[in-house]
Amino acid sequence: MAARFCGVLVLVAVFLSGLNASRPALNQELSNLFNELWRLDVNRMTPGTDYTISVQGRASFVSQGSHVVQDHATQPLFSNVNETKLKTTTTTSRFMKLLDNYERSTGVTERVTTEEQTEINLFLDAVLQTEVMKRTHKYLVSKGQSSADLRLFKSQLNSIWFNLYRRQRNTGLDSCGFEHVFVGETKSGTEIIGFHNWIQFYLQEKNSFLDYKGYKARERDLPDQDDHVLNLQFSWHNLVKPVGSAFIGTSPEFEMALFTIVFLINTDRSTTVLVNIDQCQMELVVIRHGRFLGTAYPKLLSSNSRHIRQHAR
Ligand SMILES: *[C@@H]1O[C@H](CO)[C@@H](O)[C@H](O)[C@H]1NC(C)=O
């Protein structure tokens, strides 16, 4: 009995060290900062009160570009969201106004009207007023990455997230970081790219443009209704995202703050940081597109403090 028990332990150890080998070490400084931002995020919605999700079944494997997908979730992901709260919270209400400003398909030139430029300005003004973004600004100034001048910081955010660039060759300026991450895009009529925001997910699902297919998680790490990060599968305008990931319930300023910090802490094309935030362990991935943000998303590794319980054993 004892021998078998040890055998299991060895297998677990090999498995864990194998996982660690391909993963960056925990970034303690950013974990501390992001937990501070988490506590400052008063605009985060509370699960079970402000919204309810239903994760349902585990999604099956689908290859990128495939349209064939089994539905392991007959109900929507969002059973209920308090839209009054979304509309009366300044940052989320201004955020929602930006969601219809973009051409879904890459290769189609974006045109930003003066009205849309005003919407972006108002959104950034609201974001800059939050404690989350004030703390972020202070941190970035202390690291020499941002100017203490609020107007310059605003134009830095504007440039990183809203400056239009070309994602596809031989076309006009068809994309920007905000569109990719918060709105989502389609490519060559075959795949969904980006799309990592829960409010957009909810609104698209409500309007029947999006169909949730099930969650993606490891065997022993089942998601539940309180999770603030999910890996999930869905279809959107009849295209399939085999594995998407998003924060759930968080404010747009919180998501923007995290990804802006990761974007600015180094100049590599692709950056992955491992952080613990609240009860979750996750990787934050940021990929740049020249001087602008190409994509950014969280990748859930462990929820409900499983990584902490494992260490304590
Ligand atoms: C929805 O949110 C608003 C604003 O925060 C609040 O006044 C209202 O009571 C909430 N509604 C429900 C059903 O919880």
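Q281 stands opposite S302, a residue of strand β10. Residues are numbered from 1 along each chain as its sequence is written. The model is a predicted one, in which local features need pLDDT of at least 70, side-chain atom pairs count only at pLDDT 80 or more, and totals for chains, interfaces and linings use all residues.

Strand β9 (residues 280-289) is joined to β10 by 9 bridges, and these two strands run antiparallel. Strands are DSSP runs of E with at least two residues, helices are runs of H or I with at least four, and the numbering starts at the N terminus; two strands pair if DSSP finds at least two bridges between them. In the order β8-β9-β10, 3 strands form an open sheet with antiparallel pairing. Its edge strands are β8 (270-277) and β10 (292-302), each of which pairs on one side only. On average, neighbouring strands of this sheet are turned by 20 degrees against each other, direction ignored.

Helix α10 (residues 252-265) lies across β8, β9 and β10 and runs at about 60 degrees to β9. Axes are lines fitted to C-alpha atoms, for helices over the stretch in contact, and angles run from 0 to 180 degrees between N-to-C directions. Two residues are in contact if their C-beta atoms, placed from the backbone, lie within 7 Å.

## The sheet β5-β6-β7

Another open sheet of 3 strands has the order β5-β6-β7, again with antiparallel pairing. Because β5 (210-215) and β7 (239-247) stand at the edges with a single partner strand each, one side of each is left without a neighbour in the sheet. Here neighbouring strands are turned by 35 degrees against each other on average, direction ignored.

Strand β6 (residues 229-236) pairs with β7 in the antiparallel sense over 7 bridges, and V229 has F247 as its bridge partner in β7. Helix α9 (residues 198-206) lies across β5, β6 and β7, running at about 120 degrees to β5.

## Helices α5 and α7

The axes of helix α5 (residues 114-128) and helix α7 (residues 150-162) come within 11 Å and cross at roughly 120 degrees. That angle makes α5 oblique to α7, where angles under 35 degrees count as roughly parallel, over 145 as roughly antiparallel, 65 to 115 as roughly perpendicular and the rest as oblique.

In this contact, I120, L124 and L128 of α5 meet L150, K154, L157, N158 and F162 of α7.
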